[in-house]
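Subject: A structure for you to explore

Hi there,

Here is the structure I promised to pass on to you. Have a look around it first, and then read my notes below.

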Amino acid sequence: MKEIGSSEEEIFSYLSSVREEDLTYDRILSSMCTRPHPVAIRAHMQFIETNLGDPGLFPGTMGLEDELIRMLGELFHHAGAGGYATSGGTESNIQALRIAKKQKSVDHPNVIIPASAHFSFDKACDMLGLEMRSVPLDANYRMDIDSVSNAVDARTAGIVSVVGTTEYGMIDPVREIGEIAGDNDIFFHVDAAFGGLVAPFLPKIAPWDFSIPSVSSISVDPHKMGMSTIPCGALLLRDPAAFGCLNVDTPYLTVKKECTLAGTRPGAPVAGAYAVLRYLGCEGLSAIVSGCMENTRRLIEGMEAFGYPRAVTPDVNVATFDCPITPSGWRVSRTRQGHMRTVQMPHVTRDVVESFLETIGESHA
Ligand code: 0PR
C-alpha cells in the first residue's frame, strides 16, 4: 500500500481500465451467471452496508431473508421450509452434507452422489471426511436408479440428486431416488442450484421438490437463473429445526446461536434476490425460462443443421454438442467427455444464438 492515498479520479480511471480487460456477457455461452436484473442491482445498492452475520442489528434485512426463503419454499411446495441465504451452491451443498452427517452417527459415513454432481461435493466430502460414492449415469446422463440402490448401506448418511446438472442440464429421477432414500431413512439432498429457478416453470415436469416426502433439503441459487447479484444462494430444509445441529454459541452477538457457515454475511444480494423475484413474479420468471428454453431448442436445431449433433436432449437450458471446433470470439466450455457445452442464460438472446450460429457456419464452411 502506498504511503499517500490516490485521488478518486485516478483510482476510478484505473478501475475502468481493469474492467475493460474483463469479457462482457454478450459472447459468453459457458457461464451459469448472467447480468443481474436492474431491480436486483438497485436493491443490492440500497442494502450495501447490511450484515446478516449479526442479524439483531439489521432486523429489517433479516426479515427480508426470511421472506426470500418463504417465497422459495412456496415455489418448492413447502411454505414452512426453513433456510438461509448462502454464498452459492457450494456453501449450500457443504451445509446440507454437514447436516446429513450429523444426523447419522456412524463411523466412516458415506454419501451417494451422481457422477454428474458439481465439484462442490468433492470439497464437501473432503472437508467432512465423508466417503463419496459416485454412482454412474444412465444413457441420458441422469443418475442411475439401480446403482443408487446397490450403493446404499448401513453407513450411508446422505443421497444427492441434481436438478439441472452443470454439464448436461439434466434432471435426475428425484421421485424414484427419493423412494430409496425414504425406504432407508436417509437424508436426501436435491442440488437445484441451477435448475431450482428453471424447473418450476417448465411445462411438463415430474415432481422433484418438497412435494416428494423424502426430500430433506434443496439448494437453489438466485445468482444463477434468478438474475440476482452475486453472491446469492439458498439452502432450504424441510424441517427448519434440523438446522439446530449446526448451531454454535455466539455469546457476544445480538443472537446467541448461529448455524450458518459464514459469519459476516452480505444482506445486499439477499435484497437483490428478494426484489427481483418479487418484481418478476412467477409470470415473469416463466417468460424468461420459456425464452431460454426456446433459445436452447433453436441452438440445437441450428447446430444439427451444420452436422453437429446434440449430446443429449437437455431438461433445462444447457445444450451440449458433438462439435470439436470452438468458434472464434465466443466462450463455450467442454464437458469431461469432451462435448461442447453452452448455457442459454437470459443474456443469450435469440440474436446472440443466431450470431453464434453464423460464426459456426463460417468455421464450418
Ligand atoms: N451445484 C450445481 C448444480 C452447479 O451448477 C454449481 C455451479 C454449484 C452447485 C456451485 O455453485 P457456486 O459456484 O455458486 O458455489 N455451477 C457453475 C459451474 O461450475 C458455476 C459457474 C458459474 C461457473 C459461472 C462458471 C461461470 O462462469 O459451471
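Buried means under 20% relative accessible area, exposed over 50%, and partly exposed in between (1.4 Å probe, protein chains only). Its partner is Arg-35, and the two form a salt bridge whose closest N and O atoms are 2.5 Å apart. Arg-35 is partly exposed as well, with a relative accessible area of 41%. The term salt bridge stands for a side-chain nitrogen of Lys or Arg within 4 Å of a carboxyl oxygen of Asp or Glu. As a general point, side chains of opposite charge can pair when their charged atoms come close.

Before you go further, please keep in mind that this is a predicted model, in which local features need pLDDT of at least 70 and side-chain atom pairs count only at pLDDT 80 or more, while totals for chains, interfaces and linings use all residues. Residues are numbered from 1 along each chain as its sequence is written, and side-chain values use heavy atoms, with hydrogens and water left out.

More on salt bridges

A search of the whole structure finds 15 salt bridges. One of them joins Lys-224 and Asp-221, at 2.4 Å from N to O. Here Lys-224 counts as buried at 15% relative accessibility, and Asp-221 is buried with a relative accessible area of 0%. There is also a network: Arg-298, Glu-301, Arg-350 and Glu-354 are joined by salt bridges that share partners.

Another pair is Asp-153 and Arg-133, with the closest N and O atoms 2.9 Å apart. Asp-153 lies in the loop between helix 6 (145-151) and strand 4, and Arg-133 in strand 3, so the pair ties together parts that are 20 residues apart in sequence. Helices (H or I, at least four residues) and strands (E, at least two) are DSSP runs, numbered from the N terminus. Asp-153 is partly exposed, with a relative accessible area of 31%.

The sheet

In what order do the seven strands of the open sheet come? The order is 1-7-6-5-4-2-3, with mixed pairing; two strands pair if DSSP finds at least two bridges between them. Strand 1 (82-86) and strand 3 (131-135) are at the edges with a single partner strand each, so one side of each has no neighbour in the sheet. On average, neighbouring strands are turned by 20 degrees against each other, direction ignored. For such angles, axes are lines fitted to C-alpha atoms, for helices over the stretch in contact, and angles run from 0 to 180 degrees between N-to-C directions.

Strand 2 (residues 110-114) and strand 4 (residues 156-162) run parallel and are joined by three bridges. Within strand 4, Gly-158 stands opposite Val-111. Helix 5 (residues 120-128) lies across strand 2, strand 3, strand 4 and strand 5 (187-191), and runs at about 150 degrees to strand 3.

Asn-110 has its place in strand 2. Is Asn-110 buried or exposed? At 0% relative accessibility, Asn-110 counts as buried. Leaving aside neighbours within four places in sequence, its contacts (heavy atoms within 4.5 Å) include Glu-131, Arg-133 and Asp-153.

Cysteines

The search finds zero disulfides in the whole structure, a disulfide being a pair of cysteine sulfur atoms within 2.5 Å. For Cys-292, the nearest cysteine sulfur is that of Cys-33, 14 Å away. Cys-292 counts as buried at 3% relative accessibility, and Cys-323 is buried with a relative accessible area of 2%.

Happy exploring!
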